[in-house]
Amino acid sequence: MVCEKCEKKLSKVIVPDKWKEGASNTTEGGGRKINENKLLSKKSRWTPYGNTKCMICKQQVHQDGKYCHTCAYSKGVCAMCGKQVLDTKLYKQSNV
């Protein structure tokens with residue numbers, strides 16, 4: 001759960017490329033080269049789960065947040081900035 005201010009910061013969803021419009025699996029239009037050694041031409045790939053970790057449980061967090069979704073919901077805070085979003089005093093939550 002994120003606050004309204006951080007909702008604009010959320011990155012876009014990964015969508016597959018359209019067919020033959022810059023797709024990586026075609027040879028036309030700057031796509032894959034024929035007889036290319038993948039180990040030598042390896043680029044740094046985008047990783048959806050970066051190096052950021054949750055401040056509470058140390059689990060990997062995506063989209064440059066401070067808390068994972070489980071910890072953010074249980075504490076009632078925004079997952080990206082840590083601002084109090086929800087009052088969870090009367091919620092019945094387990095610690096499992």
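Reader: How many helices and strands are there in the chain?

Author: This is a predicted model, and the chain has two helices and zero strands. Helix H1 covers 4-7, and helix H2 covers residues 69-75.

Reader: What share of the residues is buried?

Author: Here 18% of the 96 residues in the chain are buried. The accessible surface of the chain is about 8700 Å², and carbon and sulfur atoms account for 53% of that. As for contacts in the chain with a separation of 6 or more, 23% of them join residues 24 or more positions apart.

Reader: How should I read a nonpolar core, and which residues make up the largest one?

Author: The general idea is that in soluble globular proteins nonpolar side chains tend to be buried together. In this model the largest nonpolar core has eight residues: Cys54, Val61, Tyr67, Cys68, Cys71, Ala72, Val77 and Ala79. One of these, Cys71, touches Cys54, Ile56 and Cys57, leaving out residues up to four places away in sequence.

Reader: With those cysteines in mind, how many disulfides does the count come to?

Author: The count comes to zero disulfides. The idea is to check the sulfur-to-sulfur distance against a cut-off: a disulfide needs the two sulfur atoms within 2.5 Å. Take Cys3, which is in no disulfide; its nearest cysteine sulfur, that of Cys6, is 3.5 Å away. Cys3 is buried, at 7% relative accessibility.

Reader: Next, aromatic rings. How many aromatic pairs are there, and is the pair stacked, edge-to-face or tilted?

Author: To read such a pair, look at the distance between ring centres and then at the angle between planes; under 30 degrees would be stacked and over 60 edge-to-face. There is one aromatic pair in this model. The ring centres of Tyr73 and Tyr91 are 6.3 Å apart and their planes are at 35°, so the pair is tilted.

Reader: Which parts of the chain does that pair tie together?

Author: Tyr73 belongs to helix H2 and Tyr91 to the segment after H2, so the pair ties together parts 18 residues apart in sequence. Tyr73 is partly exposed, at 44% relative accessibility, and Tyr91 is partly exposed too, at 36%.

Reader: What else is Tyr73 in contact with?

Author: Leaving aside neighbours within four places in sequence, Tyr73 is in contact with Met1, Leu86, Thr88, Tyr91 and Gln93. For Leu86, 13 residues away along the chain, the C-alpha separation from Tyr73 is 8.2 Å.

Reader: Thr88 is on that list. Is Thr88 buried or exposed?

Author: Thr88 sits in the segment after H2 and is buried, with a relative accessible area of 17%. Apart from neighbours within four places in sequence, its contacts are Tyr73, Ser74, Lys75, Gly76 and Gln93.

Reader: Where is Ser74 found, and what does it touch?

Author: Ser74 is in helix H2 and is partly exposed, with a relative accessible area of 31%. Setting aside residues up to four places away in sequence, Ser74 touches Thr88 and Gln93. A polar atom of the Ser74 side chain lies 3.0 Å from the backbone oxygen of Cys71. Between Ser74 and Tyr91, 17 residues apart in sequence, the C-alpha distance is 9.0 Å.

Note on methods:
Residues are numbered from 1 along each chain as its sequence is written. This is a predicted model: local features need pLDDT of at least 70, side-chain atom pairs count only at pLDDT 80 or more; totals for chains, interfaces and linings use all residues. Side-chain values use heavy atoms; hydrogens and water are left out. Rings of Phe, Tyr and Trp (its six-membered ring) pair if their centres lie within 6.5 Å; planes under 30 degrees apart count as stacked, over 60 as edge-to-face and the rest as tilted. Helices (H or I, at least four residues) and strands (E, at least two) are DSSP runs, numbered from the N terminus. Buried means under 20% relative accessible area, exposed over 50%, partly exposed in between (1.4 Å probe, protein chains only). A nonpolar core is a set of buried Ala, Val, Leu, Ile, Met, Phe, Trp, Tyr and Cys residues joined through side-chain atoms within 4.5 Å. Contact means heavy atoms within 4.5 Å. Accessible areas come from the Shrake-Rupley method with a 1.4 Å probe; for residues, only the protein chains shown count as cover. A polar contact is a pair of N or O atoms within 3.5 Å; within protein, one must be able to donate a hydrogen and the other to accept it, and residues adjacent in sequence count only if both atoms are side-chain atoms.
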